[in-house]
Amino acid sequence: MQILRAAHWRNALAKVGLPVPFWVVHDLGTLLIGAPDAIGARAGLTAIQVPPSVRQAHEAWIETLEELGNTEVAERSRAWRLGDDLVSVILLRVLGPIYERHLGPGRRPIGVPLPLDPEVYTNLGPRLNGLFSNADRNPDVQFLSHLARERLRLVTSFEQIDLDTLRLLGMMGAEASAASAFGMLDLLDVLGSPEANDVVNFSLDLLPSVLETRRATGVQTFSVDGYAGLERRGTIDSLMLSELAFDEDLFDQRFVENEVFYYAREKQREEERRLHYIVCDATASMRGQRSVFARGLALTLVKKLLLRGEDVYFRFFDSRLYEVQHARAKRRNEAGVDVPYVLSFKGEHGRNYAKVFALLANDLSRVAKREKKTPILYLLTHAECHVPIETIERLRDVAMLYGIFMLPSTGKLDLEYLPRLHTVQVVDEAALTQREARADRALAIIDDAAGEARTSMPPGRKSLVPSEAKQAKDDLAKAEAELDAYLRGGGA
């Protein structure tokens, strides 16, 4: 099965134009998923006569594998049990530049897909000698010699992989998969992007507390096969036995006129799943800390809602709405929001809030009609997101509006449609620039949003900026102290 997994990695690399030799993919990938105890010359190949230079290059390759197997990246990867898609992307990042230098300018070879039938790789060890001798191995020998010369580059590329990004992608599981070639390129971009690394670090501050979320479970006091009453409608297997005591003619008449009694089971109330629609601003005004906060918050909020069993939509917008990603937690084989896409997305189309939110209102109307639910719209944007009042009213007619606004370094939140939002969360500059304050503010918003998923939102509800909340708390304490002093003085 380990060889079969290596064949899957090799096919994934061939899809993006990197048909490296199979043995290289197998050896490096094995270091990421299993203990490097089996590093060494393969049985059956030691007796093959090769030139001394090739044997020296092979020995150098074995030493390189031993060195890579002891790196922190390999040790952490084995502990985190990375998926095959993520292993393929790591191999793409490490081997891509080295293989390109080996080929040089000219026509690229075509990677023939390897079979994924387990029977093909059964008892492969005894057949290696014949398989090696019956084919032209000059390309393998040349690449082996190239790896011996590029040993330092290979080790450096391996150790430059960001461990925090690997950890986050491993925690996300199927949501961080790369089933397509575009998914692999998104993952590759994430591994080499400083901006994505900032979002990763912020998400790692939030996820440990969110991953403790579990769906609420319930118990029932009645028997599974029990009945709760009598009804005029039902199935034959729940028919009251006393009905069979009537004459056949009388029973037929009662049956036709729906006068027959059936045992009725107690109706179980299924937990209502709320529908959450998250839109994230990707305009130039959201660059820097605001983008890091919005994307980290969005990823964590999506993860928490999915763990609670909710349905989630997510999409970016700038001057247009981008493709929507839909995740249903009740489907086992359906992944959540594409994490690499969220981390690496870049908006390049300016801004047009009136157009975007008009399209969003139309889409929400269709979703609400199709799902027969009232969605909760989460708006992650900044303090200059100006939307016409008429559009906000259309959105309010079909959805509950939850606004999360990131303030600039100097400025206040002064938007005319704020009173029409059901909930407003404001993130000031202190919460964006200080790590602990940023994590606390994000977790407070996530907890509040999860609370909205359990109960309906009262109209006109608002959330205060942290500084305003502190001032309100101080005012309340002062009023309580004055009241206590008044009562102690004998006031009625």
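At 12% relative accessibility, E150 counts as buried, where buried means under 20% relative accessible area, exposed over 50% and partly exposed in between, for a 1.4 Å probe and protein chains only. E150 forms a salt bridge with R153, and the closest N and O atoms of this pair are 3.0 Å apart; a salt bridge here is a side-chain nitrogen of Lys or Arg within 4 Å of a carboxyl oxygen of Asp or Glu.

The model is a predicted one, in which local features need pLDDT of at least 70 and side-chain atom pairs count only at pLDDT 80 or more, while totals for chains, interfaces and linings use all residues. Residues are numbered from 1 along each chain as its sequence is written, and side-chain values use heavy atoms, with hydrogens and water left out.

The chain holds 19 helices and eight strands, taken as DSSP runs numbered from the N terminus (H or I of at least four residues for helices, E of at least two for strands). Of the 492 residues in the chain, 44% are buried. Among contacts with a separation of 6 or more, 76% are between residues 24 or more positions apart, contact meaning heavy atoms within 4.5 Å.

The search of the whole structure finds 14 salt bridges. One of them joins D84 to R5, with the closest N and O atoms 2.6 Å apart. Because D84 lies in helix 5 (residues 84–103) and R5 in helix 1 (residues 2–15), this pair ties together parts that are 79 residues apart in sequence. Both ends are partly exposed, D84 with a relative accessible area of 24% and R5 at 27% relative accessibility.

Another salt bridge links D205 with R435, the closest N and O atoms being 2.9 Å apart. Here the parts tied together are 230 residues apart in sequence, since D205 lies in helix 11 and R435 in helix 18 (residues 435–454). D205 is partly exposed at 25% relative accessibility, whereas R435, at 56%, counts as exposed.

Salt bridges also form a network, which links E63, E67 and R151. E67 sits in helix 3 (residues 52–69) and is partly exposed, with a relative accessible area of 35%. Apart from neighbours within four places in sequence, E67 is in contact with R151 and V155. The C-alpha atoms of E67 and V155 are separated by 8.0 Å, although the two residues are 88 residues apart along the chain.

Helix 11 (residues 194–210) and helix 13 (residues 289–307) meet at an angle of about 30°, with their axes 9 Å apart. Axes are lines fitted to C-alpha atoms, for helices over the stretch in contact, and angles run from 0 to 180 degrees between N-to-C directions. The two helices are therefore roughly parallel to each other; angles under 35 degrees count as roughly parallel, over 145 as roughly antiparallel, 65 to 115 as roughly perpendicular and the rest as oblique.

On the helix 11 side, the residues that meet helix 13 include F202, L206 and V210, and their counterparts in helix 13 include V292, F293 and L299. The residues of this contact divide into 10 nonpolar, three polar and four charged, with Ala, Val, Leu, Ile, Met, Phe, Trp, Tyr, Cys and Pro counted as nonpolar, Asp, Glu, Lys and Arg as charged, and the others, Gly among them, as polar.
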